[in-house]
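Let's work through a few exercises together, pencil in hand. Please open the viewer and keep the sequence beside it.

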Amino acid sequence: YYTFVHIRPVTSPQYLVQDIPPGSNKATLTLSTGQQIVLDNTKDGDIAQVPGVTIKKTKEGKLIYTVSKNSNNTVSPNQVNTVTTPKGGQYEIVLEDGTKVWLNAASKITFPASFNGLKERPVVLTGEAYFEVTKNPRKPFSVRSTEQLVTVTGTHFNVSCYPDEKTQTTLAQGSVVVSLPTTGEKQTLTPGKQSTVTSNEILVKQVNPEDIIAWKDGVFVFNGTPMVQVMKQIGRWYNVDVDYNTLPGTELDGEFPRTLSLSQVLKLIEISSMIKFKTEGRKIVIEHSPSYP
């Protein structure tokens, strides 16, 4: 890693005036009844009861689903819930089976409040999430997105499927099967492998999974990352728009905390890339960038 250790407050007047704080634990829970609960405005503790399931919010920004005592067969598989994070938000969810889900900014996940009575554990994702799936060979866990279906029984993996980006699945532990509903093509990933869906095919390459999933632990890691991808991550986490038209076709190596303010992050990118940024309200424009052939 290229680690920036010495981070000092930025004193440039431009940055002090325009500074924007980092994202935080923000999300909205939508119950099957249509009721919406804004989690960042809701007190900790039990926040909702659905048939057979209790939903609890913790002070750490975590949503926990547990089967109520003596529920037996009262849990309905039709109790589908959705958690949505805005730009500048993230949230952790513990599903009823114990599976942990970290939902990144500008993302949405839909799932049954309980898997009781179902033959599988299906969820639907838009955006990005990291999953630590509780092992259950008799009841496969699946993540469906617009372009692909990921099926597992118990493993750790990351799925990124933002609408304006390529769909990627990265495996940290265990094994997953990535399939394309359109063509029927399937690829089995082993730890350290990443699949990318392009033009109705699945491409697989070796990566460092720790780089890909560092976001859930509060760290940006860029390893030869195209500048457009870097700034898309910045835009989502700080809830800002970016003028991509003037970005150079360069790559960035670097690692820094997601707890920094926008001005600090931009300063670190400037030092590493020779790009000069300017913020106009909640928009980042490129004031200067090195010319490349």
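Residues are numbered from 1 along each chain as its sequence is written, and side-chain values use heavy atoms, with hydrogens and water left out.

**Exercise 1. Describe the chain as a whole and judge how far to trust it.**

Step 1. Start with the secondary structure: the chain has four helices and 24 strands. Here helices (H or I, at least four residues) and strands (E, at least two) are DSSP runs, numbered from the N terminus.

Step 2. Turn to burial. Of the 293 residues, 48% are buried, where buried means under 20% relative accessible area, exposed over 50%, and partly exposed in between (1.4 Å probe, protein chains only). The accessible surface of the chain is about 14200 Å², and carbon and sulfur atoms hold 49% of that; such areas come from the Shrake-Rupley method with a 1.4 Å probe, and for residues only the protein chains shown count as cover.

Step 3. Count contacts, meaning heavy atoms within 4.5 Å. Among contacts in the chain with a separation of 6 or more, 50% come from residues 24 or more positions apart.

Step 4. Check the confidence. pLDDT is the predictor's confidence in each residue, from 0 to 100; its mean over the chain is 90, and 90% of the residues reach 70 or more. Residues 1-17 have pLDDT below 50, and this stretch makes 34 contacts in the model beyond near neighbours in sequence. Where pLDDT is low, the predicted coordinates should not be read in detail.

**Exercise 2. Work out the sheet that contains β23.**

Step 1. Find the strand order: an open sheet of three strands runs β21-β24-β23, with mixed pairing. Two strands pair if DSSP finds at least two bridges between them.

Step 2. Follow the pairing of β23 with β24 (residues 283-288): the two are antiparallel and joined by five bridges. Thr279 is opposite Ile284, and Lys276 has His288 as its bridge partner. Two residues lie between the strands of this hairpin, where Gly281 takes a positive phi near 65°.

**Exercise 3. Locate the nonpolar cores.**

Step 1. Join buried Ala, Val, Leu, Ile, Met, Phe, Trp, Tyr and Cys residues through side-chain atoms within 4.5 Å; each such set is a nonpolar core.

Step 2. Take the largest, which has 41 residues; those with the most contacts inside it include Leu29, Ile55 and Phe157. Strand β11 (residues 121-132) gives the most to this core, with four residues.

Step 3. Look for another. A core of 25 residues lies apart from it, with Ile20, Trp237, Leu266 and Phe277 among its members.

**Exercise 4. Trace the pairing around β16.**

Step 1. Take β16 (residues 176-179) with β13 (residues 149-152): they pair antiparallel over three bridges, and Thr151 stands opposite Val177.

Step 2. Now take β17 (residues 186-189), which pairs antiparallel with β16 over four bridges. Val178 is opposite Gln187.

Step 3. Inspect the connection. β16 and β17 form a hairpin with six residues between them, and Gly184 in the turn has a positive phi of about 85°.

Terms used:
This is a predicted model: local features need pLDDT of at least 70, side-chain atom pairs count only at pLDDT 80 or more; totals for chains, interfaces and linings use all residues.
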